[in-house]
Amino acid sequence: MSHLSIDEVAEVVIMSKLEFISPEGLRLDGRRANELRCIKCRMGVLTRADGSAYFEQGNTKVLAAVFGPQEVRRGKGKHDAAIVTCEYDMATFSTGERKAKSKGNRRAQEISLVIRQTFEDVILVDQFPSSEICIYVQVLQADGGTRCACINAVTLACIDAGIPMKDLAVACSAGCIDNVPILDLNYLEDSARGVDMPVALLPKSDRVVMLQMDYRADLDTFKNVLELASEGCKKIYEILLQEIRRHHRQLAGLE
């Protein structure tokens, strides 16, 4: 039997009209509609970066590194605030099929822009005039929700680097399949061509700093999916706080 790529498997799933939610309310991976995938995260995983973090959500795994704030060369950037740059890359082995490197392609540029704009809004850039903060993100394994996982990893990396922020930027996706709102879509669910809404918010103020949506939805569906994504962000926020506390205890020699 020949091996199928992830894209080919997704196409088979769509063409076969697979039941994404069972009559018992269970999804293909056994989760309820409002359940997150298992999350693991770790700060300070790279010694040569000013800040770094690993973030895993289900089978999606990403690594983030932050350098700075550092002085920029004369004539580059702003004099009254730090500039934020972001480079996003997807490892060639991340999807289980051979592809050209994502660096420089359209999707990579779009996700780089989303991450950069999110953290331009969150980082207190005016505290670092004539400086630069460089963000690097690599997707090690992709199974849906990569941009949200990247934002969460960068948030932890910024904390590790000691970069002041208005609040933690926390991201989660939600969607709607067969008129049922579902939280934290994996790749097959994302491929069902229903509503998919990645959201990033600042939990303390409930302010949304990033929102995207694939496919149109009526107002009620939009509100329900946004509310579910926001609830997911708040659940992830608690997980990030646990890791931040653990990391600080470790740095203080208490762990």
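This is a predicted model: local features need pLDDT of at least 70, side-chain atom pairs count only at pLDDT 80 or more; totals for chains, interfaces and linings use all residues.
Reader: Fine. How many bridges join strand 2 to strand 3, and which way do they run?
Author: 7 bridges join them, and the two strands run antiparallel.
Reader: What about the hairpin of strand 2 and strand 3, how many residues lie between the strands?
Author: There are 2. Gly58 in that hairpin has a positive phi near 65°.
Reader: And strand 1 to strand 2? How many bridges there?
Author: 5, again with the strands antiparallel. Met43 has Ala53 of strand 2 as its bridge partner.
Reader: Is strand 2 mostly covered or mostly open?
Author: Mostly covered. 6 of its 7 residues are buried.
Reader: Zoom out. What order do the strands of the sheet take?
Author: 1-2-3-5-4, with 5 strands in an open sheet and mixed pairing. Strand 1 (39-43) and strand 4 (83-90) are at the edges with a single partner strand each, so one side of each has no neighbour in the sheet. From one strand to the next, the twist averages 15°.
Reader: How is strand 3 joined to strand 5?
Author: By 9 bridges, between residues 60-71 and residues 131-141, running antiparallel. Phe67 sits opposite Cys134 of strand 5.
Reader: Now the helices. Which strands does helix 3 lie across?
Author: Strand 1, strand 2, strand 3, strand 4 and strand 5. Helix 3 runs at about 150° to strand 2.
Reader: And helix 2?
Author: Helix 2 lies across strand 4 and strand 5, at about 145° to strand 4.
Reader: How do helix 2 and helix 3 meet?
Author: Their axes come within 11 Å and cross at roughly 40°. The two helices are therefore oblique to each other. The crossing is right-handed.
Reader: Which residues make the contact?
Author: From helix 2, among them Ile111, Ile115 and Phe119; from helix 3, including Cys150, Ile151 and Val154. By class, the contact has 7 nonpolar, 3 polar and 3 charged residues.
Reader: One more. Where is Ala161, and what is it in contact with beyond its sequence neighbours?
Author: Ala161 is in helix 3. Setting aside neighbours within four places in sequence, Ala161 is in contact with Asp50, Gly51 and Val66.
Reader: How far is Ala161 from Ser52?
Author: 109 residues apart in sequence, but 7.4 Å apart in space, C-alpha to C-alpha.

How values were computed:
Residues are numbered from 1 along each chain as its sequence is written. Side-chain values use heavy atoms; hydrogens and water are left out. Axes are lines fitted to C-alpha atoms, for helices over the stretch in contact, and angles run from 0 to 180 degrees between N-to-C directions. Helices (H or I, at least four residues) and strands (E, at least two) are DSSP runs, numbered from the N terminus. Angles under 35 degrees count as roughly parallel, over 145 as roughly antiparallel, 65 to 115 as roughly perpendicular and the rest as oblique. A crossing is left-handed if the near helix is turned anticlockwise from the far one by less than a right angle, and right-handed if clockwise. Contact means heavy atoms within 4.5 Å. Ala, Val, Leu, Ile, Met, Phe, Trp, Tyr, Cys and Pro count as nonpolar, Asp, Glu, Lys and Arg as charged, and the others, Gly among them, as polar. Two strands pair if DSSP finds at least two bridges between them. Buried means under 20% relative accessible area, exposed over 50%, partly exposed in between (1.4 Å probe, protein chains only).
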